[in-house]
Amino acid sequence: MLKKIKGRAPEQRPEQLNLGRMQETIFSARRPSPGSPEGCREDDSKMRRTSLLLNRFATKLFGFRLENHSMAQLLATSLLLLVVVVGSLFVLSWRRREVCVASYDSLTRTSFFSSGVYGLASDFGSLGVPWCRSKQGKTVEWTTKDLLKGLEEFVPIYETRPIKNNIYGMGFDHSFGLWFMARWLKPDLMIESGAFKGHSTWVLRQAMPDKPIISLSPRHPEKYLKKGPAYVDGNCTYFAGKNFVDFGSVEWETVLQKHGISDISRVLVFFDDHQNELKRLKQALKAGFHHLIFEDNYDTGTGDHYSLRQICDQPYIRGGGHSCFRDSDEARLRMKRKMFWAQAVDIGELCGEGEAWWGVRGVMRDDFNHSNKPITYEEHFQNSRYVESVLDLYWELPPVAGPSLTHQTRYDPARAADPVIEDGRFGLFRRLGLSKLDASVFNGYTQMVYAKISASGS
Ligand SMILES: C[S@@+](CC[C@H](N)C(=O)[O-])C[C@H]1O[C@@H](n2cnc3c(N)ncnc32)[C@H](O)[C@@H]1O
């Protein structure tokens, strides 16, 4: 997973700039120009008028008239001071509330969306969440309740992670997803392709403390130890550094035998290597693997490799297939969403030459986008038919919590499943210990997916 956080700085959001300008205009309209004689005269007469008014007020309040002018002025000044102090306190507390709201990105978004048809509660999936159809339409065994229970257990584990700042690696959502699924599936062997500094190896280890791991990565995680935190596992076979072999070139039969694996359905393969997922799916199927997790399941128009999510984005799927017509509802909605979510794409970005919207503007990306091959819509359609023919299960990990809780600004909820903890459930979010985590750990969600596969026809 290669994370680049390129959201606009909150203070630069257009609606906030406008608000700032608006406030500036209001305030400057009220201010007299400095040193202006009119301003001084106006202040003088205002003072006198206030003094008279207060005198009248005091007469009413205390039941007698203040004949002594200096007494009256003293009382008037004191009352005026009192009014000023109370007024300032009120304005200060109001400003503080205003500042909180302004710095609270997601609330700004909430107010924007709730002012129209874009209410945050219905944001999730409002542009569609194209799922891959499986052979028999089966779904996973675990439920939201299981995920919540898992979160309760995982948060304290996550807090002990050795690599605290895993920029360019997995954040909280996917770390949880990988841990949860590995624990649920209880594999005898875990294989990972793409280790970086070893954070995902550590996550797999937390899920299954006694099971062996095989890790494939061009650079050995130990190399990172020289510069800072990294994780090297004691029960892991590394195909890394000078021993690196690409997943597609490993003699899996021999390697599995060496690890004492006789039942390949007891192996979990985790890909975070930014390779074309169609290529990886075919290689995994050829080797006989069944349980796959893809970390970066990029949405159409985004990412550096062709993903299952992209492949299954087809017109016959809800939220799938797109029109490049610039005056459509989808185009308008996408344009608005792009203002708030770093990964949202508008129609201009979604569509390439010849109105090609599939993959990334009609291109099948591979290997961190070092390779990019244009494909026709027919090829894209055939790819989805192939994927559907080998899928037993397809399950996208939902985001752990809504953006008003996590303050994430990257993925667009309109293209994501409902979160495990919905917006508004701050009590639960806090109770699970999630409010203690830095907001940046929630910025890496890219629809991690679990795919159970078997040869077509089986
Ligand atoms: C995004 S990082 C992995 C992050 C890691 N899983 C984590 O959670 O911290 C991608 C990794 O894939 C590695 N990589 C590049 N090409 C690869 C290949 N063909 N096979 C396996 N890993 C590859 C990169 O060197 C990099 O370490």
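At what angle do H7 and H8 pack, and how far apart are their axes? H7 and H8 pack at an angle of about 35°, and their axes are 8 Å apart. This report concerns a predicted model, in which local features need pLDDT of at least 70 and side-chain atom pairs count only at pLDDT 80 or more, whereas totals for chains, interfaces and linings use all residues. Residues are numbered from 1 along each chain as its sequence is written, and side-chain values use heavy atoms, with hydrogens and water left out.

**Overall architecture**

The protein contains 16 helices and nine strands; helices (H or I, at least four residues) and strands (E, at least two) are DSSP runs, numbered from the N terminus. Of its 458 residues, 48% count as buried, where buried means under 20% relative accessible area, exposed over 50%, and partly exposed in between (1.4 Å probe, protein chains only). Among contacts with a separation of 6 or more, 70% join residues 24 or more positions apart; a contact means heavy atoms within 4.5 Å. The protein exposes about 23,300 Å², of which carbon and sulfur atoms supply 57%; accessible areas come from the Shrake-Rupley method with a 1.4 Å probe.

**Nonpolar cores**

A nonpolar core is a set of buried Ala, Val, Leu, Ile, Met, Phe, Trp, Tyr and Cys residues joined through side-chain atoms within 4.5 Å. The largest one has 47 residues, and Phe172, Phe176, Ile421 and Leu434 have the most contacts inside it. Elements that each supply at least two residues of this core include helix H6 (144–158), helix H7 (172–185), strand S3 (236–240) and strand S8 (391–396). H7 gives the largest share, seven residues. A second, separate core of 45 residues includes Ile191, Leu278, Leu285 and Cys324.

**Helix packing**

Axes are lines fitted to C-alpha atoms, for helices over the stretch in contact, and angles run from 0 to 180 degrees between N-to-C directions. A crossing is left-handed if the near helix is turned anticlockwise from the far one by less than a right angle, and right-handed if clockwise.

| Helix pair | Angle | Axis distance | Crossing |
|---|---|---|---|
| H7 and H8 | about 35° | 8 Å | right-handed |
| H10 and H14 | about 35° | 12 Å | left-handed |

On the H7 side, the contact with H8 is made by Ser175, Leu178, Trp179, Ala182 and Arg183. The residues of this contact of H7 with H8 divide into six nonpolar, four polar and one charged. Between H10 and H14, the contact involves Leu278, Leu281, Lys282 and Leu285 of H10 and Asn383, Tyr386, Val387 and Val390 of H14.

**Individual residues**

Aspartate 367 lies in the loop between strand S6 (363–366) and strand S7 (371–374) and is partly exposed, with a relative accessible area of 30%. Histidine 407 is in the loop between helix H15 (403–406) and H16 and is partly exposed at 32% relative accessibility.

Aspartate 392, in strand S8, counts as buried because its relative accessibility is 18%. Its contacts beyond four places in sequence are Ser134, Lys135, Lys138, Lys452, Ile453 and Ser454.The C-alpha atoms of aspartate 392 and valine 140, 252 residues apart along the chain, are separated by 9.9 Å.

Definitions and conventions
Nonpolar A, V, L, I, M, F, W, Y, C, P; charged D, E, K, R; others polar.
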